[in-house]
Amino acid sequence: MKFKSQRVALWYFYAALALFAIQVSGGLLAGWIYVAPNTLSELLPFNIVRMIHTNALIVWLLLGFFGAAYYLVPEEAERELFSEKLAWAQLIILLVGTLGAVGSYLVGIHGGREFLEQPLWVKFGILVAAVIFLVNISLTALAGRKTAITNIMLVGLWLLCLLWIFAFINPDNLALDKMYWWFVVHLWVEATWELVMAAILGFLMLKLTGVDREVIEKWLYVIVATALFSGILGTGHHYYWIGTPGYWQWVGSIFSTFEVVPFFAMMSFAFVMVWKGRKNHPNKAALLWSLGASTVAFFGAGVWGFLHTLHGVNYYTHGTQVTAAHGHLAFYGAYVALNLAMFTYAMPMLRGRAPYNQVLNMASFWLMTGGMAFMTFTLTFAGTIQTHMQRVLGDYYMVVQDDLSLFYLMRFGSGVAVVLGAILFIYSTVVVRRGEVVTPGPANPVPGE
């Protein structure tokens, strides 16, 4: 840690990990409800469990992004944060909003729109927090050194926050509703979040490999260009069947095909930087998570996304377990693993210690990644069978669900592995054991910094 104000990032990471624990626990419960549908059906219905699972995912990833920005922007800009107090205020607003949203879900109060179920006051709270963040981080970056990493990070986070405005638009017409809904959901995860991912990955490669900044920046600009080129019109693959004009089938199919490119570029970037690198950084776990994130993102978001993105295929697979397979692996690789890579790299320095518990940390990587890979294959096979039975043969939905019970049981088993991996990760990063204590600051950096 080079600047005092970077310490606020640690508490964003703590809050993110707490919600991460809630998210995977909710996912495990939802997976069990697929096996035994009447579980807690009156006390905690499945739709509420799913809301908690998906909303906790989105909020903890955002907390991770904000924390990463508060850590890397001062370091890149070579100056303290514009206002540490604003960063604390933003964190408090986000946590109060999160608790308020979960509380409202538990008593049946929600907006009903998937991922955007938050009550109106919570949406406004998130908007206020976003404005605070943009002011704080922009003034920090503009007053200091300008780098490609901070520029890309700022563009991604500005667009991310501005797109949140569409969460307030809820037309009566269902087609219009879905059109604006995807302005948030798709343009977040398949456009602006990719910019944030590229910036964080670039920062980690810069610190972990020792490759020259100019080389990293050239790669980043290529990745960003392909992400925006494919991601914006790639929104069309969500417009196939919601009542929009037929040309969206071709626009969506063509540009969605190109969405594989930025993820392949990010995977190639990570491995080429490590291959070119000359620094023997002591934090091997952070390097493992960085390489793992880029690799799994390519397969989850790129390959599995491509499997059912063409409209001729999507006509049959839309809304089946194939979608769930893609969604789980894509989110895990592109954003979950990337955040965990940043936590693994930054938290030892924020806590004033050399990298510790690395074996446990790397074990958590393989446990979570293995569990998620098995879950993806299980859901892919389940979705293929579901597509044939339900969409081709015309069997009833619930009959097909009963026939998929073995796959759901295997999915639950893989979920147990993911939860155990998450617990192991939290233990290895939060619980301090035998760490070499160092004094944070320029005079005593962590070895390898």
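Predicted model: local features only at pLDDT ≥ 70, side-chain atom pairs only at ≥ 80, totals over all residues.
Glu-84 and Arg-7 meet through their side chains in a salt bridge, with N and O 2.6 Å apart. In total, the salt bridge count comes to seven.

**The annotated span**
- A UniProt annotation from an unreviewed entry, "domain: Cytochrome oxidase subunit I profile", covers residues 8-431.
- That stretch, residues 8-431, is 79% helix and 0% strand.

- The protein splits into domain 1, residues 1-146, and domain 2, residues 202-433.
- Going by C-alpha atoms, the centres of domain 1 and domain 2 are separated by 19 Å.
- On the domain 1 side, 30 residues make contact, and they touch 33 residues of domain 2.

**Charged and polar links across the interface**
- Two salt bridges are counted between domain 1 and domain 2.
- Look at Glu-76 and Arg-213 for a salt bridge whose closest N and O atoms are 2.6 Å apart.
- There are also three residue pairs in polar contact between domain 1 and domain 2, with both residues at pLDDT 80 or more.

- Helix H1 (8-35) and helix H2 (46-77) each put at least two residues into the side of domain 1 that touches domain 2.
- H1 gives the largest share of that side, with 14 residues.
- By residue type, the side of domain 1 that touches domain 2 has 21 nonpolar, four polar and five charged residues.

**Loops with positive phi**
- Glu-78 is in the loop between H2 and helix H3 (84-106).
- The phi of Glu-78 is near 60°, a positive value in a residue that isn't glycine.
- Further along, Phe-115 is in the loop between H3 and helix H4 (120-142).
- Phe-115 isn't a glycine either, yet its phi is positive, at about 75°.

**Around Thr-244**
- You'll find Thr-244 in the loop that runs between helix H7 (213-233) and helix H8 (247-257).
- A polar atom of the Thr-244 side chain lies 2.4 Å from the backbone oxygen of Tyr-239.
- Thr-244 and Asp-395 are 151 residues apart in sequence, and their C-alpha atoms are 28 Å apart in space.

Terms used: Residues numbered from 1 in each chain as written. Heavy atoms only, no water. UniProt positions renumbered as here; feature names shortened; annotations may be inferred. Helix = DSSP H or I, 4+ residues; strand = E, 2+ residues; numbered from the N terminus. Domains from an automatic or database assignment. Contact = heavy atoms within 4.5 Å. Salt bridge = Lys/Arg side-chain N within 4 Å of Asp/Glu carboxyl O. Polar contact = N/O pair within 3.5 Å; in protein donor to acceptor, adjacent residues only side chain to side chain. Nonpolar A, V, L, I, M, F, W, Y, C, P; charged D, E, K, R; others polar.
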